[in-house]
Structures are given as C-alpha cells and as structure tokens.
Amino acid sequence: MSAIQLFKAKYEVEECLEEIRECLLAGWTGMGFKTVKFEEAWKTYTGLPFAHYLNSSTIGLYLAVDILKEHYGWKDDDEIITTPITFVSSNHAILKSHMKAVFADIDDTMCLNPESVREHITDRTRAVMYVGIGGNMGHYSEIVEICREHGLELILDAAHMAGTRYKGEIPGREASVVVYSFQAVKNLPTADSGMICFKDGRLDEIVRKKTWLGINKDTYARTQNMGNYKWKYDVEYVGEKGHGNSVMAAIGLVQLKYLDRDNAYRRQLAAWYQEELAECTDKIKFVRIEEACESSFHLFQICVENRDALMLELNAAEIYPGVHYASNINYKMYSYAKGSCPYSDYVSDHTISLPMNMYITYEDIKKVCQVIKHFLNR
Ligand SMILES: *Cc1c(COP(=O)(O)O)cnc(C)c1O
C-alpha cells in the first residue's frame, strides 16, 4: 500500500485546463477577466458584500490590519488580541503594522477562549484576530458579542474555513474583514491565492489600490476605457503587489463548484475517524465542535499524551500526519508571552492532525486508526 499523506490537493483537471485555456487564448492571464468572475462567484457563494482576489491570504491579513489601523487611526503598540495556535501569518500581520499581538488562550475547540479574550482587553485593545482552526468556529458568537460590547474590530482569518457553515449559513457578515486562503493544500485549492472581504465598501476600494502598488485604476479598467489616456493614473499609497491573477482564478472558479461536495466528503472522513477511535476516548482528546458549526474539516485534530512517539510510529507505517500548530509563543518574536497560555502550550505539545484529503479512503482511515490504537493500547 502506498503512503498516506496529510494533504494532497485534488483538482478537476480537465475542467481547470479548459478554464485556463480560455485565459491563454484571450491573451489575458493577469488581474481582471477571471479574477473579476471569481470575485463575483465568491460573493454569490458566501453572501458577503465585497470580495477582492489576492495572490495569498498572507498579504490579505497584512492589509486587513494595515487598512483598519489607518482607517481608525490606531497607534503603534495598540493591541490586537489573538491566538498562539495558528499559522504565523495571522500574528505576523499584527507585527508588520507595528501593533502588539496580545495572546489569549484557546479552549477545547482549538479556537480562542471567550473568557480569556475578555481578560486580555485593555484600553489599548482595538481588534480581535479570530482563526477558525481546521474549519471549526469554536465559540464564535460569543467573540462577536465581546467585540460588539467593547467596540473592537473583528478580523476573521478564514484560511481553513472555505465552506464552513455556522447556524446554517456562511459566517463573516458580522466581521470587519474576512480573509480566505486558496493555497495549494486548503479546501479550495488553487496553487497560491486568497480573498479579502471587507464589510465596508470604502475599505474594499482601498484594498484594491493597495494590492497594486497604490495605483488607483487597474489595467483591465483602463483597457476597457479605449484610447482615453490609458497611461494616466494616480498613485495614492506605497502599496504592495498583492492582487491575484486569472490563471489562479480559473482554477478557483472550477474548484468552487466542487467545494461543498469535497467538504461533505471531508465530514465523512471525520465521522469515520471518530467511529474508529471511539473506543479510545480515555486516551484521545477530540476537538469540541459546537452544534451550530458545520465544519469544513480542513483538519482532523486529536490530542494524545505521547504525540511525538505516535508521530514516529505512524511515519514508520508510511503515514504522514502534521501538527497545527506549534504555539507561536515558541518563536522569538512572540516569546514575550511565554507561559501566559497554558492550554495552548498543552495543545502545541500534544496535537496531531491526521491525514485529511480527497484521496483518502475508508481503508486508509482504518489503517491509520489501527496504528493509533495499537500504539495507545501498548
Ligand atoms: C494557510 C494559512 C494562512 C496563509 O495562507 P496563504 O494563502 O498561504 O498566504 C493564514 N492563516 C492560516 C490559519 C493558514 O492556515
């Protein structure tokens, strides 16, 4: 039997090639054309009012903090409450804008613990960075309520959340900004890209300029405006090169059609893991998923006592799980928070993400769980 990988993107190859062929034949692979179509399709799918296509979610998180900071006149060293258990993009975004990442602890949903968030609010707190880890929303509605009570902006790092439903719908309208990732191993895989969805249309206008060096008119719009001083544009910001392109959007448009189907299969895989591991509940800690959340199951995480040894044992059987994540507080730029988030430290040392991708079969899951059970019962 061949190796079982944590992630492996599965594409609708022929359809993607057809959509990319259109870009090549049209001689238009850059911003505009398919990127506009994908933005429209994403707004329709999510019900969010604005969407701007990006070359990564990382640039989206940076610009989310940057634009909110400028818009609300936040100061350097003002604070954003965030989680240690995330990909560093979420927290680097805060430091990039010269603000302070204040770490609150997580709970057994792997997402921020609302009580801990409350305890960390000061008169310099401006926002909460909330990460729906693995597609799980955790205690999201309490976080929304806390932000409302304290006048805090809510930044939703939705990198794992493509297709997650909460209380029956796609969450995000209540957040100031939602940032999705369509990186190669996420639930909607392109190769690298993302989407930023501001609640406020004025900020959507700004981010469109800031992802193209600060230029206030994109090439496509200028080409449509035949002959009229196409070369004339203003530069309003020292912006980034952060917008997406039509080749990535072509893949995104196709994969979006299959996102709900793929996520339904991920939920099936999660159910099989739960079934197969049900007899070990004394030795395995599962992630709590609230009734209100229909998770995209980007990840299937468990916590076990001897994680590193289990990892080796799985590797020996050609099974390659992952860890999401080592606490960001372990890294030098966040080490000022050492010791402040005990449950995150526990998760950092004990969590393991079991293989979760569209190539995995019931047989694979039985094999993975056999190795785990054998290890735990020894
Ligand atoms: C993958 C990921 C990102 C970054 O996404 P890119 O599109 O690769 O920039 C940000 N946050 C989280 C939680 C992620 O998992």
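Biologist: What should I know before I start?

Modeller: The model is predicted, so local features need pLDDT of at least 70 and side-chain atom pairs pLDDT 80 or more, while totals for chains, interfaces and linings use all residues. Residues count from 1 along each chain as its sequence is written, and side-chain values use heavy atoms, without hydrogens and water.

Biologist: Which domains does the protein have?

Modeller: Domain bounds come from an automatic or database domain assignment. Here that assignment gives domain 1 (13–257) and domain 2 (259–377). Their C-alpha centres lie 26 Å apart. Contact means heavy atoms within 4.5 Å. On that basis, 42 residues of domain 1 and 39 residues of domain 2 take part.

Biologist: What area is buried between domain 1 and domain 2?

Modeller: Buried area is the accessible area (1.4 Å probe) that two parts lose on being put together, summed over both. For this pair of domains it is about 3300 Å², and carbon and sulfur atoms give 56% of that. D108, M110 and N187 supply 20% of the area that domain 1 buries against domain 2, more than any other three residues.

Biologist: How many polar links cross from domain 1 to domain 2?

Modeller: A polar contact is a pair of N or O atoms within 3.5 Å; within protein, one must be able to donate a hydrogen and the other to accept it, and residues adjacent in sequence count only if both atoms are side-chain atoms. The count is 28 residue pairs, both at pLDDT 80 or more. Helices (H or I, at least four residues) and strands (E, at least two) are DSSP runs, numbered from the N terminus. Elements giving two or more residues to the domain 1 side include α2 (34–46), α4 (88–96) and α9 (246–257). α4 gives the most, with 4 residues.

Biologist: How do I read a salt bridge?

Modeller: Side chains of opposite charge can pair when their charged atoms come close. The rule wants a side-chain nitrogen of Lys or Arg within 4 Å of a carboxyl oxygen of Asp or Glu. By this rule there are 29 salt bridges. The interface of domain 1 and domain 2 has 2. D260 pairs with R165, with the closest N and O atoms 3.2 Å apart. R261 pairs with E12 at 2.7 Å. That pair links distant parts of the chain, 249 residues apart: R261 sits in helix α10 (residues 259–277), and E12 in the loop between β1 (4–5) and α1 (13–26).

Biologist: Which residues are closest to the ligand?

Modeller: A residue is near a molecule if one of its heavy atoms lies within 4 Å of it. Here 16 residues surround the ligand, the closest being T58, D157, H160, S181 and K186. Polar side-chain atoms reach ligand oxygen atoms: S181 at 2.8 Å, K186 at 3.1 Å and Y325 at 3.0 Å.
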